[in-house]
Structures are given as structure tokens and as C-alpha cells.
Amino acid sequence: SNYLSNQLEGFLGLGTVTIEGDLFDFGKQWGPQLVASRQLTGRTVLTYRTNVGHMNENSIRLEYRLTRRFSLEGETDQAGSAGVDLKYRIRKR
């Protein structure tokens, strides 16, 4: 899956492409997922996620970093469900 991810990144011009989950187990409700993201600006990241084998199950997330610790994240899916979160990051040492 790492080779496939690297090829898709270069071909599509994306920042990262990952395949999460077990590629050989399509029986689970969530199954393997294809996640592609691209850094739009220094503070903005766009992420697309879809369940492999279920092309109608996908979502898009936009993250905007306000400060080093605060960010806004908005996400929507194919059914029109959407939400916006204000996130605060805590770093443990």
C-alpha cells in the first residue's frame, strides 16, 4: 500500500495519500479507507476520505490553523451532514 500511496501522490499532485485499515477485509462496516490531503496554504489543509469499495461513503474536511494551539475544522459527507469544531492542541512532554 505504501508504493501505491507514493504513486498516487505524485500522479495527482497531492501532499499525502494513505490507505488505512486492512486491505483484504471488506466485510467490516468501515473497512479500508483511502485518505488524500493537500496543504492549500501554510495554515489550511484539505482532506478527502472514502471507504474503499463503497464510493458513496466519503467526506471532506477543511482545517484552518488559527494559532499554534487553536484550529477550526469543518467536515461534510455525502449525506450533507456537516459540522465545525474549534480544536485546542495540548502537547505532553
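Phe70 is found in strand β5, where strands (E, at least two residues) and helices (H or I, at least four) are DSSP runs numbered from the N terminus. This is a predicted model, in which local features need pLDDT of at least 70 and side-chain atom pairs count only at pLDDT 80 or more, while totals for chains, interfaces and linings use all residues. Residues are numbered from 1 along each chain as its sequence is written, and side-chain values use heavy atoms, with hydrogens and water left out. Below, we walk through the hairpin, the patch, the salt bridges and one asparagine.

**The β5–β6 hairpin**

- Strands β5 and β6 pair in the antiparallel sense over seven bridges; two strands count as paired if DSSP finds at least two bridges between them.
- Four residues lie between β5 and β6 in this hairpin, and Gly80 in the turn has a positive phi of about 90 degrees.
- Across the pairing, Leu72 stands opposite Leu86 in β6.

**The nonpolar patch**

- Strands β5 and β6 each supply at least two residues of the patch, and the largest share, three residues, comes from β6.
- Phe70 counts as partly exposed at 36% relative accessibility (buried is under 20% relative accessible area, exposed over 50%, and partly exposed in between, with a 1.4 Å probe and protein chains only).

**Salt bridges**

- A search of the whole structure finds four salt bridges, each being a side-chain nitrogen of Lys or Arg within 4 Å of a carboxyl oxygen of Asp or Glu.
- Glu73 bridges to Arg61, with the closest N and O atoms 3.8 Å apart. This pair links distant parts of the chain, with Glu73 in β5 (residues 70–77) and Arg61 in β4, 12 residues apart.
- Glu73 also meets Lys87 in a salt bridge of 3.2 Å, N to O. Here the link runs from Glu73 in β5 to Lys87 in β6, 14 residues apart.
- Glu73 is buried, with a relative accessible area of 8%, whereas Arg61 is partly exposed at 26% and Lys87 is partly exposed at 36%.
- Arg61, Glu73, Glu75 and Lys87 are linked in a network of salt bridges.
- Glu63 forms a salt bridge with Arg89, the closest N and O atoms being 2.7 Å apart. The two belong to distant parts of the chain, 26 residues apart: Glu63 is in β4 and Arg89 in the segment after β6 (82–88).
- In that pair, Glu63 counts as buried at 18% relative accessibility, while Arg89 is partly exposed at 37%.

**Around Asn58**

- Asn58 lies in strand β4 (residues 54–65).
- The side chain of Asn58 makes a polar contact with that of Tyr48 at 3.4 Å. A polar contact is a pair of N or O atoms within 3.5 Å; within protein, one must be able to donate a hydrogen and the other to accept it, and residues adjacent in sequence count only if both atoms are side-chain atoms.
- Leaving aside residues up to four places away in sequence, Asn58 touches Tyr48, Arg49, Thr50, Thr76, Asp77 and Gln78 (contact means heavy atoms within 4.5 Å).
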